[in-house]
Amino acid sequence: MFITDDTIAAVSSAAGRAGRAIVRLSGPDAIAIAGRLFTPTGGAASLAEIAGFRLTDGLLYLPDESIELPGRAYIFHRPHSYTRQDVVEIHLPGSPAVATATLAAMIDAGARQAGAGEFTARAFLSGRIDLSAAEAVADVIAAADDAQLRVAQAVMGGEVHRRCSQAAGDIAEALAIVEASIDLAEEDIQLAEPGQLAGQLADVGETLNDLAATATDMPETSHLPQVVLAGRPNAGKSSLLNALAQTRRAITSSMPGTTRDVLSGLIALPGNAVVNLLDAAGFGDDSPADYLDAAAHDAATAAVTRAEPILLVIDAATQQPHQDKNLREKIRQANPNAPVLTLANKIDLLGGEIDPPVDVIATSAATGEGLDALKAVIAERLHLAVNRSGEALGLHDRQRRCLSAAATATQNAAELLADAEEIADVAELAAVELRNALAQLGAISGEVVTEDLLGIIFSRFCVGK
Ligand code: GDP
């Protein structure tokens, strides 16, 4: 059902007018096809010459319209991309007509129009992300810009996977003992006390049941609280985003002004709350140099306007925490109500000589110092810790049903064993239950999934993701 060896293309920016339009390609010919239409202006003769994880400005030629447009190409060589294939993203002035014409030109040049969720399906099928993470991607799409997708956020998906793997490990161990007991039935060897094994399995079943019962419905990202990083270029905003979201999703560089998108990631706070963290690079920039800068500035201002709270990042090595009155004033104008927390970043450069005022949080994106304290303060400001404490975890209905079925099967095995004198007496039946439990857990993380199920899950995505 999912063909993965051809090259697909789609518009992956939001529908309608936006700061920029993005057309994305993935597959073995992605670089060659994009290269037929896009000519770099920055020195390289062709896209194929450019190393992975690089961007280049250039001109995009649209044959049907006979026009050339200024744009920017991002090159990701396999396997260092979202899909683990060669990926090219072309960023263009944001107009639906430009996006549509560019996609049509890419298709004429040899790409196939991608189906719904096909990029994420490729990420899953290549083993880049597990199925629960892929489903988490579907949840971020409503609010997502392209950057959010790139690191199919695993805060939620990864946590589900971790807990299921732990239970699956315990069940697999019990199954090994049960199956070995079948082989050893004729001999007088007891691998374990049936009562003890029953007790262990009953505990696993209870844990799974608790997880299914206490999990909240998977929150939609569009409803997650938005926490926004603002600050001067080079203060360390995108480094903080990378460190907090535990994923490298923003391109960082020591050249001021290199970050131009509103990049974002989900971060887990104490109490299992999840917030969306955005990097408002370009906010406060009064004199944008070109249309991309201007688009970045508008997007950043919109992010600050929606924020609750705002993190004002200061480079502690070069600035005093309360120095930046101008930027504070702009933040207040854009968003009069959100609390503003000041972060004195890069404290690792101060050699331990820090004594920040009480309302300033000292952090280092480089060493991770202060980041836990920061998360606690954000949770406190948003009152999240109180409202959403405990073990609650976001689950989809499908995942919840699998968890409950796994719990029931595990408990059935526990009951069989509890009543037996020897494991071998009930081994065949118990093994059936335990295998069923493993299959149900496997279906959550996608280790055991049918093509039909995959089709249903990925059809929830929009084309381009
Ligand atoms: P942004 O423009 O605010 O997004 O800043 P970046 O995150 O791109 O960081 C600018 C430069 O500062 C990069 O070279 C980073 O590696 C560096 N940097 C960021 N945070 C820290 C930190 O906590 N400690 C140190 N030593 N360097 C940092």
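Which residue's side chain does Arg 122 join through a polar contact? I looked this up and found Asp 6, with the two side chains 2.6 Å apart at that contact. By polar contact I mean a pair of N or O atoms within 3.5 Å; within protein, one must be able to donate a hydrogen and the other to accept it, and residues adjacent in sequence count only if both atoms are side-chain atoms.

**Ground rules**

I'm working on a predicted model, in which local features need pLDDT of at least 70 and side-chain atom pairs count only at pLDDT 80 or more, while totals for chains, interfaces and linings use all residues. Residues are numbered from 1 along each chain as its sequence is written, and side-chain values use heavy atoms, with hydrogens and water left out.

**Arg 122**

I placed Arg 122 in helix H3, residues 118-125. My helices (H or I, at least four residues) and strands (E, at least two) are DSSP runs, numbered from the N terminus. Arg 122 has 3% relative accessibility, so I put it down as buried. For the record, buried is under 20% relative accessible area, exposed is over 50%, and partly exposed is in between (1.4 Å probe, protein chains only).

**Ligand**

Then I checked the ligand's oxygen atoms. One is 2.9 Å from a polar backbone atom of Gly 236. I also noted 3.2 Å from a ligand oxygen to a backbone N or O atom of Ala 366, and 3.3 Å from a ligand oxygen to a side-chain N or O atom of Ser 364. On its own the ligand has 580 Å² of accessible area, and the protein covers 82% of that. Those areas come from the Shrake-Rupley method with a 1.4 Å probe.

**Strands E10 and E11**

Is strand E10 largely enclosed or largely open? I'd say enclosed, because 5 of its 6 residues (263-268) are buried. E10 pairs with strand E11 (residues 274-279) in the antiparallel sense, over 6 bridges; strands pair if DSSP finds at least two bridges between them.

**Helix H11**

In H11 (residues 371-381) I listed Leu 371, Leu 374, Lys 375, Ile 378 and Ala 379 as buried. They sit on the same side of H11, because their arc around the axis is only 135°, taken from the directions from the helix axis to the C-beta atoms. Asp 372 and Glu 380 are exposed on the other side. Glu 380 counts as exposed at 56% relative accessibility. I also noted Pro 270, which is 110 residues from Glu 380 in sequence but 9.3 Å away in space, C-alpha to C-alpha.

**Cores**

Last, I looked at the largest nonpolar core, which has 33 residues. Such a core is a set of buried Ala, Val, Leu, Ile, Met, Phe, Trp, Tyr and Cys residues joined through side-chain atoms within 4.5 Å. Val 178, Leu 208, Leu 403, Leu 434 and Leu 441 touch the most other members. Helices H6 (154-183), H7 (194-214), H13 (397-418) and H14 (423-445) each give two or more residues, and H14 has the largest share, with 10. Another core of 26 residues lies apart from it, with Val 23, Leu 62, Leu 69 and Ala 105 among them.
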